[in-house]
Structures are given as C-alpha cells and as structure tokens.
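Q: Please go through the packing of this chain, and for each label say which cut-off lies behind it.

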Amino acid sequence: MAKQIRAWQRMLSGRRLDLLDPTPMDIEIEDIAHGLAFVARWNGQTVGDYAYSVAEHSLLVETLFGRVAPKAPTKWRLAALLHDAPEYVIGDMISPVKAAVGPGYGALDERLEAAIHIRFGLPAKVPVAIKKQIKKADKISAWMEATQIAGFTVAEADKLFGKPDTALIGDLQIVLRPPIETRHAFTARHVTMLEQCT
C-alpha cells in the first residue's frame with residue numbers, strides 16, 4: 001500500500017491547513033501576516049539590512065490600488081491587501097519560475113486564495129475588472145521595487161513592468177523594516193479594513 005503524502009501544514013495558531021483542500025475555517029490573519037512578513041520578494045536579492053517581504057509589498061499594493069481605483073469599496077482594497085496571501089504557505093516565486101512550474105502552482109494558489117477570501121467575507125473570485133486594477137497596482141509596485149531596491153535600471157523596469165504614472169508614486173518610497181513591524185502593520189491594516197467593511 002502506497003504511503004499517503006502529507007499535504008498539510010501546522011500553523012503557529014495551531015490550525016492544520018490542508019494545502020490541497022484548504023477550508024476558510026483554517027485561515028487566520030495572524031498566520032498570514034506572520035508568514036508573509038518572512039517571505040522575501042525578489043528571492044531576497046534586494047539591498048538593505050532587511051528582506052523586502054511579501055507583507056510589505058502587499059501593503060504597498062493596497063495603497064497603490066487605492067490610488068488606481070479611489071472610488072473602489074473597502075472590500076476591494078482588502079482584496080488588494082490579500083492579493084498574495086497564499087504565499088504565506090506556498091512562498092513567493094519570481095514570474096519566470098512560476099511559468100516553468102506550470103499550471104499546478106496556479107491551481108494551488110487559486111484554491112488557497114478562494115479559502116482566504118471566503119474567510120474574510122470576500123467572494124471566492126474577485127471580479128475581472130477589480131483583478132485588473134489590483135494587477136495594475138501590483139505592476140507599479142514591482143516597478144518601484146525593481147528600481148529602488150532590486151538593482152534594475154529604469155529602462156529595464158519600464159520594459160518588464162510598464163512605465164508607471166509618476167503622479168501615483170511620487171510621494172511613495174519602498175520601506176524596509178524588521179519582520180515584526182511589517183507583521184503588525186499588515187495585521188493592523190487588515191483589522192481596519194474589516195471594520196470598514198461591516
């Protein structure tokens with residue numbers, strides 16, 4: 001008889017998250033914030049004394065989404081904050097690696113995203129128009145990260161991510177801080193948005 005492969009992870013909250021069949025009941029924002037605060041963007045290839053975390057990136061994307069879609073309801077800002085939330089358990093892969101891995105990674109990401117969304121009162125799938133606006137904010141964030149902390153030239157970043165509207169980013173700077181600070185900022189922002197959604 002073949003040995004069954006373990007496909008779950010024990011979370012610090014005590015929850016046991018089944019990665020192949022996640023349920024909203026096993027999702028806790030503290031686990032997400034903690035995990036994302038320790039997952040490095042750009043495979044850790046950034047300047048500074050701290051890794052630029054997915055949690056920090058998510059906070060920036062939520063801010064940018066608010067500028068891209070200023071009239072969007074708070075629930076879609078929450079979706080922007082959580083746009084990379086599955087990475088708290090599956091990690092962050094740079095786009096070329098995701099493409100090489102194939103559709104399995106995307107399917108896993110989608111199942112986790114649906115469970116996370118349902119847990120926090122969002123639809124399992126975000127409407128296409130909102131998804132596009134979040135993606136636009138994500139690309140602007142990637143451009144900022146590439147040019148400010150990942151060693152890309154402006155020309156390289158323009159080619160890969162598109163040239164951003166300077167009015168959207170003029171007063172924003174990439175923040176590098178200890179994981180505990182980022183974790184607290186992410187959790188606090190999540191709490192604020194949940195309160196505004198009710």
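**Core, helix and rings**

A: The largest nonpolar core has 56 residues, and those with the most contacts inside it are I32, F65, L82, Y88, M144 and F186. α2 gives the most to this core, namely eight residues. This is a predicted model, in which local features need pLDDT of at least 70 and side-chain atom pairs count only at pLDDT 80 or more, while totals for chains, interfaces and linings use all residues. Residues are numbered from 1 along each chain as its sequence is written, and side-chain values use heavy atoms, with hydrogens and water left out.

Q: What makes a set of residues a nonpolar core?
A: The set consists of buried Ala, Val, Leu, Ile, Met, Phe, Trp, Tyr and Cys residues joined through side-chain atoms within 4.5 Å. Buried here means under 20% relative accessible area, exposed means over 50%, and partly exposed lies in between (1.4 Å probe, protein chains only).

Q: Why is F65 called buried?
A: F65 has 0% relative accessibility, which is under the 20% limit, and therefore counts as buried. F65 is found in helix α2, where helices are DSSP runs (H or I, at least four residues; strands are E, at least two) numbered from the N terminus. Leaving aside residues up to four places away in sequence, F65 touches A72, W76, R77, A80, I130, Q133, I134 and A137, a contact being heavy atoms within 4.5 Å.

Q: How do you know that the span of α10 is close to the expected one?
A: α10 has 19 residues and reaches 27 Å from its first C-alpha to its last, close to the 27 Å expected at 1.5 Å a residue; the expected span is 1.5 Å times one less than the number of residues.

Q: What puts the buried residues of α10 on the same side?
A: In α10, T182, F186, T187, H190 and M193 are buried. They cover an arc of only 130° around the axis, which puts them on the same side of α10, the arc being that of the directions from the helix axis to the C-beta atoms. The buried residues of α10 pack against α1, α2 and α3.

Q: Why is the pair of W42 and F161 called edge-to-face?
A: Rings of Phe, Tyr and Trp (its six-membered ring) pair if their centres lie within 6.5 Å, and planes under 30 degrees apart count as stacked, over 60 as edge-to-face and the rest as tilted. By this rule the count comes to three aromatic pairs. For W42 and F161 the centres are 6.1 Å apart with 90° between the planes, so the pair is edge-to-face.

Q: What makes the pair of F152 and F161 tilted?
A: The rings of F152 and F161 have their centres 6.5 Å apart and their planes at 55°, so the pair is tilted. Ring pairs link W42, F152 and F161 into a cluster.
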